[in-house]
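The following exercises are intended to be worked through with the coordinates at hand. Each task is followed by a solution in steps.

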Amino acid sequence: MVPMFYGKEERMGMLYLGFAGFFLIYLILGWFTDVIEMSTFSAIFSVAFLFLNVYMFWKEKKKEKSS
């Protein structure tokens, strides 16, 4: 039987991946289209938060496996 609700750990991991996906889409739209005007600051900000969210996802998974 598939659980209807995920536990707190799974939700946090998916939240980190969701935000990483948002920043990745923002970065792609800014680089390749004129939909978003991409400045240097926003590109650096987007890349930093993309890697931060992926790192937090891996950290959460590591903590989940150890406990």
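The exercises below concern a predicted model and proceed from the overall fold to individual side chains.

**Exercise 1. Overall composition**

Determine how many helices and strands the protein chain contains, and describe its burial, contacts and surface.

Solution. 
Step 1. The secondary structure of the protein chain consists of 2 helices and 0 strands.
Step 2. Of the 67 residues in the chain, 22% are buried.
Step 3. Consider contacts between residues at least 6 apart in sequence: 55% of them join residues at least 24 apart.
Step 4. The accessible surface amounts to about 5800 Å², and carbon and sulfur atoms account for 72% of that area.

**Exercise 2. The span of helix 2**

Compare the end-to-end reach of helix 2 with the expected value, and list its buried residues.

Solution. 
Step 1. Helix 2 covers residues 40-66 and has 27 residues.
Step 2. From first C-alpha to last, helix 2 reaches 39 Å, which is close to the 39 Å expected at 1.5 Å a residue.
Step 3. The buried residues in helix 2 are Ser42, Ala43, Ser46, Leu50, Asn53, Phe57 and Glu60.

**Exercise 3. Aromatic pairs**

Find how many aromatic pairs the whole structure holds, and classify Phe22 with Tyr26 and Phe41 with Phe45.

Solution. 
Step 1. Phe22 and Tyr26 are 4 residues apart in helix 1 (residues 8-32), so about one helical turn separates them. Both are partly exposed, Phe22 at 49% relative accessible area and Tyr26 at 25%.
Step 2. Phe41 and Phe45 also form a stacked pair, with 5.9 Å between centres and 25° between planes. They lie 4 residues apart in helix 2, so their separation is again about one helical turn.
Step 3. Phe41 is exposed at 63% relative accessible area, whereas Phe45, at 40%, is partly exposed.
Step 4. Phe22, Phe23, Tyr26, Phe41, Phe45 and Phe49 belong to one aromatic cluster.

**Exercise 4. A nonpolar surface patch**

State which residues form the nonpolar patch on the surface and give their accessible area together.

Solution. 
Step 1. The patch is formed by Leu24, Ile28, Trp31 and Phe32.
Step 2. Together these residues have about 480 Å² of accessible area.
Step 3. Leu24, one of the members of the patch, lies in helix 1 and is partly exposed at 39% relative accessibility.

Terms used: Residues are numbered from 1 along each chain as its sequence is written. This is a predicted model: local features need pLDDT of at least 70, side-chain atom pairs count only at pLDDT 80 or more; totals for chains, interfaces and linings use all residues. Side-chain values use heavy atoms; hydrogens and water are left out. Rings of Phe, Tyr and Trp (its six-membered ring) pair if their centres lie within 6.5 Å; planes under 30 degrees apart count as stacked, over 60 as edge-to-face and the rest as tilted. Buried means under 20% relative accessible area, exposed over 50%, partly exposed in between (1.4 Å probe, protein chains only). Patches are made of residues with over 30% relative accessible area and no salt bridge: like charges are joined within 9 Å, nonpolar side chains (Val, Leu, Ile, Met, Phe, Trp, Tyr) within 5 Å. Accessible areas come from the Shrake-Rupley method with a 1.4 Å probe; for residues, only the protein chains shown count as cover. A salt bridge is a side-chain nitrogen of Lys or Arg within 4 Å of a carboxyl oxygen of Asp or Glu. Contact means heavy atoms within 4.5 Å. The expected span of a helix is 1.5 Å times one less than its number of residues.
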